[in-house]
Amino acid sequence: MLKVMILSLPTYVNVHFCICAKKRANRLNRERNLIKFFSDKPVPRFPHLWKQIEQAWAFIGGDVNLTCEVDANPPAKFEWFRKNRLVTVRDKAAIHEPHRSILQLHANNSIVFGDYKCRATNRLGKLEKFITLQQGVQPDPPDIVRLHEARRHTISLTVEGPDMTNRTIAASMLPSGYRIQYKATEENLDWDHAATADFVKREDNSYTLEELDKDTMYEMRVATRNLAGISEYTNSSIFKTSSATLAATSQFTLLVFLSCPIAFALIL
């Protein structure tokens, strides 16, 4: 207990001190209550997406990330288990964040497939998640990649295929979309530092890259995606966004035609 002795002070000073002391005590109590209120055992970070038992896929030679996300205060400690044994991982083989842990695996052979468990623990409790990693099939690259339309800040590609109906694979391994990598040719980047865009497979086979620089050459390549990962990339192609001058000229011509279609026809 803290004891304070005040000697030879005016009455108003004593009263002021008592008020400040009470305010400080109330503030400390509120802070303790807030800490207690917000302290919690690990719970799913996104309850509407949470599945305690999940399935994941990879193919031999491919990479896969197993992810575990929780909310907890104090922050949870993450551990990964394989066949009830603690997985000892290198720094580059796992990503640990306050609310998330990602186990990164490379499927060198079939031994990597099987059951994994993520355990998130703090002093108030624990939460476990089970993931079964299954062997899948690497998809084939797209059959067709061609330019559909180029504008000032967008490029649309037509991407088709591959036709994998002649392969004996599960329906879950059929192509589900594409990954497009792109980079401005003037930047001289390697593909590891290129921009990436993922697309879900569309019936019209058209996929648009947005927020590009005008009048710029872009090198692009495309891979097929399925649940197990991505295919090898196609050979790269170079496409160019249109310039502002050309676009403005086209708009002016269209405006003249709409305003004076007869005069425009006579000029032609």
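Val43 stands opposite Asp71 in β3. These residues belong to an antiparallel pairing, in which three bridges join strand β1 (residues 40-44) to β3. By pairing I mean that DSSP finds at least two bridges between two strands. Strands are DSSP runs of E with at least two residues, helices are runs of H or I with at least four, and both are numbered from the N terminus.

This is a predicted model, in which local features need pLDDT of at least 70, side-chain atom pairs count only at pLDDT 80 or more, and totals for chains, interfaces and linings use all residues. Residues are numbered from 1 along each chain as its sequence is written, and side-chain values use heavy atoms, leaving out hydrogens and water.

Strand β3 (residues 63-73) also pairs with β7 (residues 100-106), antiparallel, over seven bridges; there Glu69 stands opposite Arg100. The covered face of β3 holds Val64, Leu66, Cys68, Val70 and Ala72, whereas its uncovered face includes Asp63, Thr67 and Asn73.

I turn now to another sheet. Five strands form an open sheet with mixed pairing, in the order β2-β9-β8-β4-β5. Because β2 (53-58) and β5 (85-86) stand at the edges, each with a single partner strand, one side of each has no neighbour in the sheet. Strand β2 runs parallel to β9 (residues 125-135), joined by six bridges, and Ile53 stands opposite Phe130.

Finally, the whole chain: it contains three helices and 17 strands. Of its 268 residues, 32% are buried, that is, under 20% relative accessible area with a 1.4 Å probe, protein chains only.

Definitions and conventions: Buried means under 20% relative accessible area, exposed over 50%, partly exposed in between (1.4 Å probe, protein chains only).
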